[in-house]
Amino acid sequence: MTADLHDPRQFRTALRSWLDGQDLTPPEPQTLESEMVQFARVQRALYDADFGRYGWPEAAGGLGGPDALRAIVGEEVVGRRLVEPGPFSMLEVLTPTMIDYATPELAADMVPRLLRGDEQWCQGFSEPGSGSDLASLTTRAVRKGDQWVINGQKVWTSFAQFSQRCILLTRTGDADTPNHAGISAFFVDMDSPGIDVRPLHTMHGVDEFCEVYFDDVVVDDSRMLGKPGDGWRLAMDLLPYERSTCFWQRIAYLYSRFDALIAEVSDQGASVDDEMGETYLALHTLRCRSAATQKRLADGHRLGPDTSIDKVLLATAEQRLYDTAHDLLSGGIELEDSPWRTEYLYSRAATIYGGTAEVQRNIIARRLLDLGKE
């Protein structure tokens, strides 16, 4: 009997069987550059086998079916450590935005390039003076006929040095336009004249973040996403994805590291103690919450401020995992140049990236619990 690949259980079974028969092992040694090449390789294999097309609308090159199918793909390939979760998160965050806000023609042309692994995209939101406060951004786009001229700077732009396109927030309103109403979004080619990408050196040694400068960058009017002033609405629709659905594969990654930690601690002859149990509970709580978010999405609900709960739980679980590794690996993080050291340092940012923990708790307090501004 032919499997119904729109059914999540049958889809997972078929995907696992297919992955078991593929040789998609990442090359060694792994660098940020090789990880990006590997991600494109796995994406192309998934797309050619159709697994990478399920869960996306047919109008954008997909094969339909529930959004949960995409979560299953991410969980399986990241859980097997075939790809790292970072590039996968861009796929899950930016593709729905493109489908919802680009013209149907532009989405039909561009989205399959991303799903196939032909391209990588990045997200130009944060600025040096407006990280969590997007409404204060200053990058400006000025209309000139059928084109816009963009000037400004973005920062913390993940994978910009590997990206062919960028979903970019700019200010288009005049001085009298309220902050939120004066923001517009564009789909920008990263090889446009006037774009300068500068990777940022980070303490964990993986320079995935960049600052990006825009100096008289010309963008055609057809590349505006939505209408003038729709940028704030686009951001509010995008951020819940950034704070929820793209976590499913990161959760799979954290579970794989948890299993590796248990194995390493056991090899050292140490016992699996209460701290390890607390880490498991944090991961399990996060996964249950994320599963509920996936179900709400599958049932047709629109994601909103409640995804700030997902973000707080992710940051808590991630930092607890690596704090436990720090405590149990007997100086390995301080004294050894190992993946644990790199990942521990990266985990310090878990309460910052994607919106700080303080901002997320404020959202929960004000918008979910109605506790007011004080």
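A: Let's begin with Q249, which counts as buried because its relative accessible area is 1%. Here buried means under 20% relative accessible area, exposed means over 50%, and partly exposed lies in between, using a 1.4 Å probe and protein chains only. Before we go on, please note that this is a predicted model, in which local features need pLDDT of at least 70, side-chain atom pairs count only at pLDDT 80 or more, and totals for chains, interfaces and linings use all residues. Residues are numbered from 1 along each chain as its sequence is written, and side-chain values use heavy atoms, with hydrogens and water left out.

Q249 sits in helix 7 (residues 247-267); helices are DSSP runs of H or I with at least four residues, and strands are runs of E with at least two, numbered from the N terminus. Leaving aside residues up to four places away in sequence, Q249 touches G74, E75, V78, P85, F88, S89 and E92. Contact here means heavy atoms within 4.5 Å.

Let's follow two of these neighbours, starting with F88. The model has nine aromatic pairs, where rings of Phe, Tyr and Trp (its six-membered ring) pair if their centres lie within 6.5 Å; planes under 30 degrees apart count as stacked, over 60 as edge-to-face and the rest as tilted. One of them joins F88 to F39 in an edge-to-face arrangement, with 5.7 Å from centre to centre and 70° between the planes. This pair links distant parts of the chain, since F39 belongs to helix 2 (residues 32-48) and F88 to helix 4 (residues 85-101), 49 residues apart. Both F39 and F88 are buried.

Because E76 lies in helix 3 (residues 68-79) and R16 in helix 1 (residues 8-20), the pair ties together parts that are 60 residues apart in sequence. E76 has a relative accessible area of 7%, so it is buried, whereas R16, at 41%, is partly exposed.
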